[in-house]
Amino acid sequence: MSEPIIEVRHLSKSFGTHVVLRDVNFTVNPGDVTCVIGASGSGKSTLLRCINLLETPTNGAVLFHGQEITEKGFDPCSYRAKVGMVFQSFNLFNNMTVLENCTAGLRYVLHQDKETARRTALENLEKVGMAPYIHAKPRQLSGGQKQRVAIARALSMKPEVLLFDEPTSALDPQMVGEVLSVMRQLAADGLTMIVVTHEMAFARDVSSHVVYMADGVIAEEGTPADIFEHPQNPRTAEFLSRFRQQ
Amino acid sequence: MQDFFTNCATVLQKYGFSYLRGAGTTLLLALVGTFFGCVIGFAVGALQTIPVDKQRDPLWKRTLIKLMRGVLRCYVELFRGTPMIVQAVFIYYGLMQLFNIKLGMWATGFLIVSINTGAYMAETVRGGIVSIDPGQTEGAMAIGMNHWQTMLHVILPQALRNIIPQIGNNFIINIKDTSVLSVISITDLFFVHKSVVGALYTYFESATIVMIIYLTMTLLASYLLRLWEKALDGPQNYDLNTTDTLAYTSGMHNAPDPVHEPQNLDMKGGAAHV
(Lines give C-alpha, C1' and ligand atoms only; values in the text may rest on other atoms or scores of the structure.)
Protein backbone atom coordinates (compact mmCIF):
# COMPACT_ATOMS: atom_id res chain seq x y z
CA MET A 1 0.00 0.00 0.00
CA SER A 2 1.29 3.46 -0.85
CA GLU A 3 1.49 6.23 1.72
CA PRO A 4 -1.82 7.57 3.07
CA ILE A 5 -3.23 10.78 1.55
CA ILE A 6 -4.97 12.00 4.68
CA GLU A 7 -4.36 11.06 8.29
CA VAL A 8 -6.59 12.44 11.01
CA ARG A 9 -4.85 12.26 14.41
CA HIS A 10 -6.45 12.95 17.79
CA LEU A 11 -8.66 15.56 16.17
CA SER A 12 -10.89 17.58 18.50
CA LYS A 13 -13.17 20.46 17.76
CA SER A 14 -15.31 22.49 20.10
CA PHE A 15 -17.46 25.55 19.53
CA GLY A 16 -17.14 27.44 22.80
CA THR A 17 -17.87 24.92 25.52
CA HIS A 18 -19.74 22.62 23.14
CA VAL A 19 -17.49 19.71 22.20
CA VAL A 20 -18.34 18.42 18.73
CA LEU A 21 -15.40 16.10 17.99
CA ARG A 22 -13.30 14.19 20.52
CA ASP A 23 -10.05 12.41 19.68
CA VAL A 24 -10.94 11.30 16.17
CA ASN A 25 -8.39 9.14 14.33
CA PHE A 26 -8.55 7.67 10.87
CA THR A 27 -6.53 7.26 7.72
CA VAL A 28 -7.41 7.58 4.06
CA ASN A 29 -5.29 5.74 1.50
CA PRO A 30 -5.30 6.45 -2.24
CA GLY A 31 -8.35 4.88 -3.88
CA ASP A 32 -10.25 4.49 -0.61
CA VAL A 33 -13.93 5.27 -0.50
CA THR A 34 -14.56 6.08 3.15
CA CYS A 35 -18.17 6.51 4.20
CA VAL A 36 -18.90 8.32 7.44
CA ILE A 37 -22.31 7.43 8.87
CA GLY A 38 -24.07 8.31 12.08
CA ALA A 39 -26.98 10.23 13.53
CA SER A 40 -27.43 13.94 12.83
CA GLY A 41 -25.36 16.01 15.23
CA SER A 42 -22.74 13.32 15.76
CA GLY A 43 -20.01 15.52 14.26
CA LYS A 44 -19.74 13.98 10.79
CA SER A 45 -19.99 17.24 8.87
CA THR A 46 -17.70 19.06 11.29
CA LEU A 47 -15.10 16.34 10.75
CA LEU A 48 -15.29 16.87 7.00
CA ARG A 49 -15.13 20.64 7.37
CA CYS A 50 -12.03 20.30 9.58
CA ILE A 51 -10.36 18.18 6.93
CA ASN A 52 -11.02 20.94 4.38
CA LEU A 53 -10.05 23.68 6.85
CA LEU A 54 -13.43 25.35 6.57
CA GLU A 55 -13.27 24.91 10.35
CA THR A 56 -10.01 25.17 12.25
CA PRO A 57 -9.50 22.14 14.49
CA THR A 58 -9.23 22.94 18.20
CA ASN A 59 -6.74 20.18 18.87
CA GLY A 60 -4.99 17.37 17.08
CA ALA A 61 -3.71 17.23 13.56
CA VAL A 62 -4.75 16.52 10.01
CA LEU A 63 -1.90 15.37 7.82
CA PHE A 64 -1.98 15.70 4.03
CA HIS A 65 0.75 13.52 2.53
CA GLY A 66 2.38 13.64 5.95
CA GLN A 67 2.26 17.43 6.16
CA GLU A 68 0.38 19.10 8.98
CA ILE A 69 -2.33 21.33 7.47
CA THR A 70 -2.94 23.53 10.50
CA GLU A 71 0.70 24.54 10.69
CA LYS A 72 1.55 28.20 10.30
CA GLY A 73 2.72 28.94 6.79
CA PHE A 74 0.68 26.12 5.25
CA ASP A 75 -1.32 27.59 2.38
CA PRO A 76 -4.95 26.56 2.81
CA CYS A 77 -5.93 27.79 -0.67
CA SER A 78 -3.61 25.56 -2.67
CA TYR A 79 -4.49 22.71 -0.29
CA ARG A 80 -8.23 23.15 -0.93
CA ALA A 81 -7.52 23.19 -4.66
CA LYS A 82 -6.31 19.59 -4.27
CA VAL A 83 -9.01 18.47 -1.85
CA GLY A 84 -12.42 19.02 -3.40
CA MET A 85 -15.70 19.36 -1.55
CA VAL A 86 -19.31 18.79 -2.51
CA PHE A 87 -21.91 20.38 -0.23
CA GLN A 88 -25.39 19.42 0.85
CA SER A 89 -26.70 22.77 -0.39
CA PHE A 90 -24.69 22.59 -3.67
CA ASN A 91 -23.22 26.10 -3.26
CA LEU A 92 -22.98 26.68 -7.01
CA PHE A 93 -22.07 30.24 -7.92
CA ASN A 94 -25.40 31.87 -8.70
CA ASN A 95 -23.89 34.57 -10.90
CA MET A 96 -22.29 32.09 -13.28
CA THR A 97 -23.54 29.62 -15.86
CA VAL A 98 -22.95 25.89 -15.45
CA LEU A 99 -19.82 26.08 -17.58
CA GLU A 100 -18.44 29.13 -15.76
CA ASN A 101 -19.00 27.38 -12.45
CA CYS A 102 -16.76 24.55 -13.61
CA THR A 103 -14.08 26.75 -15.19
CA ALA A 104 -13.87 29.31 -12.35
CA GLY A 105 -11.40 27.34 -10.26
CA LEU A 106 -9.30 26.34 -13.26
CA ARG A 107 -9.03 29.89 -14.53
CA TYR A 108 -8.77 31.95 -11.35
CA VAL A 109 -6.99 29.51 -9.01
CA LEU A 110 -4.92 27.37 -11.38
CA HIS A 111 -4.58 30.20 -13.94
CA GLN A 112 -5.33 28.02 -16.95
CA ASP A 113 -6.30 29.64 -20.22
CA LYS A 114 -9.95 29.79 -21.23
CA GLU A 115 -9.83 27.02 -23.83
CA THR A 116 -8.01 24.48 -21.65
CA ALA A 117 -10.35 25.19 -18.76
CA ARG A 118 -13.37 24.83 -21.03
CA ARG A 119 -12.18 21.48 -22.31
CA THR A 120 -11.59 20.08 -18.81
CA ALA A 121 -14.94 21.42 -17.60
CA LEU A 122 -16.81 19.89 -20.54
CA GLU A 123 -15.14 16.54 -20.00
CA ASN A 124 -16.31 16.47 -16.41
CA LEU A 125 -19.76 17.84 -17.16
CA GLU A 126 -20.12 15.07 -19.68
CA LYS A 127 -19.14 12.55 -17.01
CA VAL A 128 -22.07 13.68 -14.84
CA GLY A 129 -24.47 14.02 -17.77
CA MET A 130 -24.75 17.80 -17.60
CA ALA A 131 -22.86 18.80 -20.75
CA PRO A 132 -25.99 19.94 -22.61
CA TYR A 133 -26.76 22.43 -19.85
CA ILE A 134 -23.59 24.54 -19.95
CA HIS A 135 -25.51 27.75 -20.69
CA ALA A 136 -28.00 27.37 -17.83
CA LYS A 137 -27.78 29.30 -14.58
CA PRO A 138 -28.02 27.35 -11.30
CA ARG A 139 -31.48 28.75 -10.51
CA GLN A 140 -32.79 27.12 -13.69
CA LEU A 141 -31.74 23.61 -12.65
CA SER A 142 -33.31 20.96 -10.45
CA GLY A 143 -31.60 19.90 -7.23
CA GLY A 144 -30.13 16.75 -8.72
CA GLN A 145 -28.81 18.64 -11.71
CA LYS A 146 -27.26 21.25 -9.45
CA GLN A 147 -25.52 18.60 -7.39
CA ARG A 148 -24.17 16.90 -10.51
CA VAL A 149 -22.79 20.24 -11.69
CA ALA A 150 -21.26 20.76 -8.24
CA ILE A 151 -19.57 17.37 -8.57
CA ALA A 152 -18.29 18.32 -12.03
CA ARG A 153 -16.98 21.60 -10.62
CA ALA A 154 -15.06 19.75 -7.94
CA LEU A 155 -13.79 17.12 -10.42
CA SER A 156 -12.53 19.79 -12.82
CA MET A 157 -9.88 20.73 -10.27
CA LYS A 158 -8.56 17.12 -10.52
CA PRO A 159 -8.64 16.69 -6.75
CA GLU A 160 -6.63 13.99 -4.99
CA VAL A 161 -9.48 13.50 -2.56
CA LEU A 162 -13.10 14.52 -2.93
CA LEU A 163 -15.14 15.20 0.19
CA PHE A 164 -18.93 14.80 0.05
CA ASP A 165 -20.96 16.44 2.82
CA GLU A 166 -24.37 14.73 2.72
CA PRO A 167 -24.63 15.28 -1.04
CA THR A 168 -28.10 13.78 -1.35
CA SER A 169 -29.82 15.01 1.81
CA ALA A 170 -31.56 17.92 0.11
CA LEU A 171 -32.89 15.87 -2.79
CA ASP A 172 -36.01 13.85 -3.59
CA PRO A 173 -35.62 10.08 -4.12
CA GLN A 174 -35.34 10.25 -7.89
CA MET A 175 -32.64 12.91 -7.74
CA VAL A 176 -30.85 10.94 -5.04
CA GLY A 177 -30.63 8.12 -7.56
CA GLU A 178 -29.03 10.24 -10.28
CA VAL A 179 -26.45 11.72 -7.90
CA LEU A 180 -25.58 8.39 -6.32
CA SER A 181 -25.09 6.75 -9.70
CA VAL A 182 -22.59 9.47 -10.57
CA MET A 183 -20.78 8.83 -7.30
CA ARG A 184 -20.77 5.08 -7.88
CA GLN A 185 -19.11 5.70 -11.24
CA LEU A 186 -16.46 7.91 -9.63
CA ALA A 187 -15.74 5.26 -7.01
CA ALA A 188 -15.42 2.65 -9.76
CA ASP A 189 -12.97 4.96 -11.58
CA GLY A 190 -10.75 4.86 -8.49
CA LEU A 191 -11.30 8.37 -7.11
CA THR A 192 -10.42 8.74 -3.44
CA MET A 193 -13.53 9.90 -1.62
CA ILE A 194 -14.73 10.64 1.90
CA VAL A 195 -18.51 10.58 1.95
CA VAL A 196 -20.68 11.73 4.84
CA THR A 197 -24.03 10.17 4.06
CA HIS A 198 -27.33 8.83 5.29
CA GLU A 199 -27.58 6.54 2.25
CA MET A 200 -26.84 3.23 3.96
CA ALA A 201 -27.13 1.13 0.81
CA PHE A 202 -24.52 3.33 -0.85
CA ALA A 203 -22.20 3.03 2.17
CA ARG A 204 -22.61 -0.75 2.21
CA ASP A 205 -22.17 -1.35 -1.51
CA VAL A 206 -19.66 1.27 -2.62
CA SER A 207 -17.34 2.06 0.27
CA SER A 208 -14.11 0.31 1.10
CA HIS A 209 -14.18 1.57 4.66
CA VAL A 210 -17.07 2.63 6.91
CA VAL A 211 -16.77 4.93 9.92
CA TYR A 212 -19.67 5.07 12.36
CA MET A 213 -19.72 8.22 14.49
CA ALA A 214 -21.72 8.90 17.63
CA ASP A 215 -21.49 11.90 19.95
CA GLY A 216 -18.30 13.23 18.40
CA VAL A 217 -16.27 10.05 18.56
CA ILE A 218 -15.71 7.17 16.17
CA ALA A 219 -17.79 4.44 17.78
CA GLU A 220 -16.82 1.81 15.27
CA GLU A 221 -15.04 1.47 11.95
CA GLY A 222 -14.23 -1.31 9.55
CA THR A 223 -15.10 -2.80 6.20
CA PRO A 224 -18.73 -2.48 5.10
CA ALA A 225 -19.15 -6.22 5.81
CA ASP A 226 -17.87 -5.78 9.38
CA ILE A 227 -20.10 -2.81 10.12
CA PHE A 228 -23.26 -3.90 8.35
CA GLU A 229 -23.18 -7.66 8.98
CA HIS A 230 -21.40 -7.96 12.33
CA PRO A 231 -21.48 -4.69 14.23
CA GLN A 232 -19.52 -5.07 17.48
CA ASN A 233 -20.73 -1.94 19.21
CA PRO A 234 -24.37 -2.13 20.39
CA ARG A 235 -24.87 1.52 19.35
CA THR A 236 -23.86 0.68 15.79
CA ALA A 237 -26.24 -2.26 15.80
CA GLU A 238 -29.04 -0.05 17.06
CA PHE A 239 -28.31 2.68 14.52
CA LEU A 240 -28.30 0.18 11.68
CA SER A 241 -31.19 -1.93 12.93
CA ARG A 242 -33.72 0.00 10.94
CA PHE A 243 -31.75 -0.28 7.75
CA ARG A 244 -31.05 -3.97 8.26
CA GLN A 245 -34.70 -4.78 8.74
CA GLN A 246 -35.50 -3.48 5.29
CA MET B 1 -51.24 82.27 -17.62
CA GLN B 2 -50.55 83.79 -21.03
CA ASP B 3 -47.71 85.72 -19.41
CA PHE B 4 -46.26 82.60 -17.88
CA PHE B 5 -45.87 80.82 -21.19
CA THR B 6 -44.55 83.89 -22.90
CA ASN B 7 -42.02 84.40 -20.14
CA CYS B 8 -40.96 80.76 -20.29
CA ALA B 9 -40.42 81.10 -24.02
CA THR B 10 -38.38 84.23 -23.52
CA VAL B 11 -36.25 82.63 -20.82
CA LEU B 12 -35.66 79.58 -22.94
CA GLN B 13 -34.83 81.63 -26.00
CA LYS B 14 -32.30 83.66 -24.11
CA TYR B 15 -30.82 81.06 -21.80
CA GLY B 16 -31.86 77.70 -23.26
CA PHE B 17 -28.29 76.81 -24.06
CA SER B 18 -27.11 77.80 -20.57
CA TYR B 19 -29.72 75.51 -19.03
CA LEU B 20 -28.52 72.64 -21.21
CA ARG B 21 -24.90 73.24 -20.26
CA GLY B 22 -25.90 73.43 -16.61
CA ALA B 23 -27.78 70.16 -16.96
CA GLY B 24 -24.73 68.64 -18.64
CA THR B 25 -22.52 69.77 -15.75
CA THR B 26 -24.95 68.35 -13.21
CA LEU B 27 -25.17 65.05 -15.03
CA LEU B 28 -21.39 64.80 -15.41
CA LEU B 29 -20.84 65.49 -11.70
CA ALA B 30 -23.48 62.95 -10.71
CA LEU B 31 -22.16 60.29 -13.11
CA VAL B 32 -18.49 60.64 -12.21
CA GLY B 33 -19.30 61.05 -8.51
CA THR B 34 -21.55 57.99 -8.41
CA PHE B 35 -19.06 55.91 -10.39
CA PHE B 36 -16.08 56.68 -8.18
CA GLY B 37 -18.34 56.55 -5.14
CA CYS B 38 -19.23 52.98 -6.08
CA VAL B 39 -15.57 52.10 -6.63
CA ILE B 40 -14.72 53.50 -3.18
CA GLY B 41 -17.75 51.78 -1.70
CA PHE B 42 -16.84 48.38 -3.14
CA ALA B 43 -13.22 48.72 -2.03
CA VAL B 44 -14.17 49.77 1.51
CA GLY B 45 -16.89 47.13 1.72
CA ALA B 46 -14.51 44.38 0.61
CA LEU B 47 -11.76 45.60 2.95
CA GLN B 48 -14.15 45.60 5.88
CA THR B 49 -15.08 41.97 5.29
CA ILE B 50 -11.54 40.51 5.29
CA PRO B 51 -11.83 37.51 7.58
CA VAL B 52 -9.55 37.33 10.61
CA ASP B 53 -8.53 33.96 12.01
CA LYS B 54 -7.37 34.29 15.60
CA GLN B 55 -5.51 30.97 15.52
CA ARG B 56 -3.82 31.17 12.15
CA ASP B 57 -3.14 34.86 11.42
CA PRO B 58 -0.08 36.49 13.00
CA LEU B 59 -0.53 39.36 15.43
CA TRP B 60 0.73 42.09 13.07
CA LYS B 61 -1.81 41.12 10.45
CA ARG B 62 -4.68 41.17 12.92
CA THR B 63 -3.58 44.56 14.29
CA LEU B 64 -3.25 45.98 10.81
CA ILE B 65 -6.72 44.80 9.83
CA LYS B 66 -8.24 46.21 13.02
CA LEU B 67 -6.51 49.54 12.47
CA MET B 68 -7.71 49.70 8.90
CA ARG B 69 -11.27 48.92 9.92
CA GLY B 70 -11.08 51.79 12.43
CA VAL B 71 -9.86 54.25 9.81
CA LEU B 72 -12.54 53.19 7.33
CA ARG B 73 -15.19 53.49 10.05
CA CYS B 74 -14.06 57.08 10.74
CA TYR B 75 -14.22 57.93 7.03
CA VAL B 76 -17.75 56.59 6.71
CA GLU B 77 -19.03 58.33 9.82
CA LEU B 78 -17.37 61.66 8.98
CA PHE B 79 -18.74 61.96 5.48
CA ARG B 80 -22.16 60.53 6.25
CA GLY B 81 -22.49 62.72 9.29
CA THR B 82 -21.81 66.16 7.79
CA PRO B 83 -23.66 68.05 5.03
CA MET B 84 -22.08 67.97 1.58
CA ILE B 85 -22.39 71.75 1.27
CA VAL B 86 -20.19 72.20 4.35
CA GLN B 87 -17.73 69.54 3.17
CA ALA B 88 -17.39 71.38 -0.13
CA VAL B 89 -16.50 74.66 1.54
CA PHE B 90 -14.32 72.94 4.14
CA ILE B 91 -12.22 71.08 1.60
CA TYR B 92 -12.09 73.72 -1.14
CA TYR B 93 -11.00 76.54 1.15
CA GLY B 94 -9.19 74.34 3.66
CA LEU B 95 -6.80 73.00 1.03
CA MET B 96 -6.15 76.51 -0.19
CA GLN B 97 -5.56 78.04 3.22
CA LEU B 98 -3.69 75.24 5.00
CA PHE B 99 -1.72 73.59 2.24
CA ASN B 100 -1.75 76.29 -0.38
CA ILE B 101 -3.24 73.83 -2.84
CA LYS B 102 -5.64 75.38 -5.30
CA LEU B 103 -7.74 72.52 -6.50
CA GLY B 104 -9.86 73.42 -9.54
CA MET B 105 -13.61 73.68 -9.14
CA TRP B 106 -14.15 70.57 -11.19
CA ALA B 107 -11.62 68.53 -9.30
CA THR B 108 -13.11 69.62 -5.98
CA GLY B 109 -16.61 68.89 -7.25
CA PHE B 110 -15.71 65.37 -8.39
CA LEU B 111 -13.77 64.76 -5.18
CA ILE B 112 -16.60 65.86 -2.87
CA VAL B 113 -19.35 63.95 -4.65
CA SER B 114 -17.19 60.82 -4.94
CA ILE B 115 -16.10 60.56 -1.32
CA ASN B 116 -19.56 61.49 -0.13
CA THR B 117 -21.22 58.81 -2.24
CA GLY B 118 -18.41 56.43 -1.28
CA ALA B 119 -19.25 56.80 2.41
CA TYR B 120 -22.87 55.83 1.80
CA MET B 121 -21.98 53.10 -0.70
CA ALA B 122 -19.48 51.52 1.72
CA GLU B 123 -22.30 50.66 4.09
CA THR B 124 -24.59 49.60 1.25
CA VAL B 125 -21.93 47.31 -0.22
CA ARG B 126 -21.17 45.83 3.20
CA GLY B 127 -24.87 45.07 3.58
CA GLY B 128 -24.90 43.58 0.08
CA ILE B 129 -21.92 41.33 0.90
CA VAL B 130 -23.42 40.19 4.19
CA SER B 131 -26.70 39.34 2.45
CA ILE B 132 -25.04 36.78 0.14
CA ASP B 133 -25.46 33.19 1.36
CA PRO B 134 -22.28 32.08 3.22
CA GLY B 135 -22.48 28.90 1.11
CA GLN B 136 -21.26 30.94 -1.86
CA THR B 137 -18.08 31.84 0.02
CA GLU B 138 -17.63 28.23 1.14
CA GLY B 139 -18.11 26.99 -2.40
CA ALA B 140 -15.43 29.40 -3.59
CA MET B 141 -13.05 28.53 -0.75
CA ALA B 142 -13.56 24.82 -1.41
CA ILE B 143 -12.05 25.14 -4.90
CA GLY B 144 -9.11 27.08 -3.52
CA MET B 145 -10.06 30.72 -4.05
CA ASN B 146 -8.64 33.27 -1.62
CA HIS B 147 -10.59 36.20 -0.14
CA TRP B 148 -9.94 38.55 -3.07
CA GLN B 149 -10.73 36.00 -5.77
CA THR B 150 -13.90 35.06 -3.92
CA MET B 151 -14.93 38.70 -3.62
CA LEU B 152 -14.09 39.62 -7.21
CA HIS B 153 -15.58 36.63 -9.01
CA VAL B 154 -18.35 35.37 -6.75
CA ILE B 155 -19.54 37.72 -4.01
CA LEU B 156 -19.30 41.24 -5.47
CA PRO B 157 -21.05 40.42 -8.77
CA GLN B 158 -23.98 39.07 -6.76
CA ALA B 159 -23.85 41.91 -4.26
CA LEU B 160 -23.80 44.38 -7.16
CA ARG B 161 -27.01 42.93 -8.53
CA ASN B 162 -28.66 43.27 -5.12
CA ILE B 163 -27.62 46.85 -4.52
CA ILE B 164 -28.40 48.34 -7.93
CA PRO B 165 -31.59 49.92 -6.56
CA GLN B 166 -29.44 51.63 -3.95
CA ILE B 167 -26.90 52.74 -6.55
CA GLY B 168 -29.84 54.21 -8.45
CA ASN B 169 -30.94 56.02 -5.32
CA ASN B 170 -27.50 57.50 -4.87
CA PHE B 171 -27.28 58.55 -8.51
CA ILE B 172 -30.62 60.32 -8.34
CA ILE B 173 -29.71 61.95 -5.03
CA ASN B 174 -26.46 63.11 -6.63
CA ILE B 175 -28.26 64.63 -9.62
CA LYS B 176 -30.25 66.75 -7.19
CA ASP B 177 -27.69 67.36 -4.48
CA THR B 178 -24.86 68.52 -6.70
CA SER B 179 -26.85 71.77 -6.73
CA VAL B 180 -25.15 72.60 -3.41
CA LEU B 181 -21.83 72.75 -5.25
CA SER B 182 -22.84 76.16 -6.55
CA VAL B 183 -21.25 77.40 -3.29
CA ILE B 184 -17.88 76.74 -4.87
CA SER B 185 -19.02 78.38 -8.11
CA ILE B 186 -19.64 75.27 -10.18
CA THR B 187 -22.06 76.30 -12.91
CA ASP B 188 -24.47 73.42 -12.57
CA LEU B 189 -28.15 73.58 -13.42
CA PHE B 190 -29.12 75.30 -10.19
CA PHE B 191 -26.35 77.89 -10.64
CA VAL B 192 -27.75 78.70 -14.07
CA HIS B 193 -31.19 79.11 -12.52
CA LYS B 194 -29.82 81.59 -9.98
CA SER B 195 -28.07 83.57 -12.71
CA VAL B 196 -31.19 83.67 -14.86
CA VAL B 197 -33.47 84.92 -12.10
CA GLY B 198 -30.81 87.45 -11.16
CA ALA B 199 -31.02 88.91 -14.64
CA LEU B 200 -34.72 88.50 -15.52
CA TYR B 201 -36.55 88.11 -12.16
CA THR B 202 -38.54 85.19 -13.66
CA TYR B 203 -38.43 83.04 -10.51
CA PHE B 204 -41.42 80.84 -11.21
CA GLU B 205 -40.75 80.36 -14.90
CA SER B 206 -37.14 79.46 -14.44
CA ALA B 207 -37.92 77.15 -11.52
CA THR B 208 -40.50 75.35 -13.69
CA ILE B 209 -37.97 74.80 -16.44
CA VAL B 210 -35.34 73.61 -13.99
CA MET B 211 -37.83 71.28 -12.30
CA ILE B 212 -38.70 69.72 -15.64
CA ILE B 213 -35.06 69.26 -16.57
CA TYR B 214 -34.20 67.64 -13.22
CA LEU B 215 -37.21 65.35 -13.42
CA THR B 216 -36.35 64.32 -16.98
CA MET B 217 -32.84 63.40 -15.90
CA THR B 218 -33.93 61.41 -12.87
CA LEU B 219 -36.72 59.56 -14.70
CA LEU B 220 -34.33 58.64 -17.49
CA ALA B 221 -31.84 57.45 -14.88
CA SER B 222 -34.40 55.19 -13.18
CA TYR B 223 -35.42 53.74 -16.53
CA LEU B 224 -31.85 52.97 -17.56
CA LEU B 225 -31.10 51.40 -14.17
CA ARG B 226 -34.06 49.06 -14.58
CA LEU B 227 -32.69 48.00 -17.96
CA TRP B 228 -29.30 47.36 -16.38
CA GLU B 229 -30.89 45.19 -13.67
CA LYS B 230 -32.66 43.14 -16.33
CA ALA B 231 -29.46 42.74 -18.30
CA LEU B 232 -27.61 41.48 -15.22
CA ASP B 233 -30.34 38.95 -14.49
CA GLY B 234 -29.63 37.35 -17.85
CA PRO B 235 -32.14 35.54 -20.03
CA GLN B 236 -35.02 33.63 -18.44
CA ASN B 237 -34.44 30.72 -20.80
CA TYR B 238 -31.35 28.87 -21.79
CA ASP B 239 -30.44 26.90 -24.88
CA LEU B 240 -29.35 23.34 -24.57
CA ASN B 241 -25.88 23.15 -25.95
CA THR B 242 -26.10 21.17 -29.15
CA THR B 243 -23.39 22.68 -31.30
CA ASP B 244 -20.77 21.08 -29.09
CA THR B 245 -20.15 17.51 -30.10
CA LEU B 246 -19.38 16.48 -26.52
CA ALA B 247 -22.97 17.23 -25.59
CA TYR B 248 -24.24 14.39 -27.73
CA THR B 249 -22.18 11.79 -26.01
CA SER B 250 -23.38 12.30 -22.44
CA GLY B 251 -24.11 8.71 -21.64
CA MET B 252 -25.52 8.81 -18.13
CA HIS B 253 -28.45 6.45 -17.92
CA ASN B 254 -30.17 8.71 -15.41
CA ALA B 255 -29.42 11.89 -17.25
CA PRO B 256 -31.84 13.33 -19.77
CA ASP B 257 -31.21 12.25 -23.34
CA PRO B 258 -29.39 14.87 -25.32
CA VAL B 259 -31.81 16.92 -27.38
CA HIS B 260 -30.87 17.26 -31.00
CA GLU B 261 -32.92 20.34 -31.85
CA PRO B 262 -31.96 23.67 -30.29
CA GLN B 263 -34.82 24.58 -28.04
CA ASN B 264 -35.75 26.93 -25.28
CA LEU B 265 -36.65 25.40 -21.98
CA ASP B 266 -39.23 27.65 -20.45
CA MET B 267 -38.90 26.90 -16.77
CA LYS B 268 -42.37 28.24 -16.06
CA GLY B 269 -43.80 25.73 -18.47
CA GLY B 270 -42.63 22.93 -16.22
CA ALA B 271 -39.95 21.78 -18.61
CA ALA B 272 -37.39 21.50 -15.82
CA HIS B 273 -37.14 17.81 -16.37
CA VAL B 274 -34.82 15.62 -14.40
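First, a definition: a salt bridge here is a side-chain nitrogen of Lys or Arg within 4 Å of a carboxyl oxygen of Asp or Glu. Side chains of opposite charge can pair when their charged atoms come close.

Now the ground rules. This is a predicted model, where local features need pLDDT of at least 70, side-chain atom pairs count only at pLDDT 80 or more, and totals for chains, interfaces and linings use all residues. Residues are numbered from 1 along each chain as its sequence is written, chains are lettered from A and ligands numbered from 1 in the order in which they are written, and side-chain values use heavy atoms, with hydrogens and water left out.

How many salt bridges are there over all chains? The search finds 11.

Start in chain A. A:Arg49 pairs with A:Glu55, N to O at 3.3 Å. Both residues are buried. Buried means under 20% relative accessible area, exposed over 50%, partly exposed in between, using a 1.4 Å probe and protein chains only.

Over to chain B. B:Arg73 bridges to B:Glu77, with the closest N and O atoms 2.6 Å apart. Both sit in helix H2, residues 59-80, 4 residues apart, about one turn of the helix. Helices are DSSP runs of H or I, at least four residues, numbered from the N terminus. B:Glu77 is partly exposed at 38%. B:Arg73 is partly exposed too, at 33%.

B:Arg73 also meets B:Glu123, at 3.6 Å, N to O. That pair links distant parts of the chain: B:Glu123 is in helix H4, residues 105-131, and B:Arg73 is in helix H2, 50 residues apart. B:Glu123 is buried, at 17%. Through shared partners, salt bridges join B:Arg73, B:Glu77, B:Arg80, B:Glu123 and B:Arg126 into one network.

Methods
Helix = DSSP H or I, 4+ residues; strand = E, 2+ residues; numbered from the N terminus.
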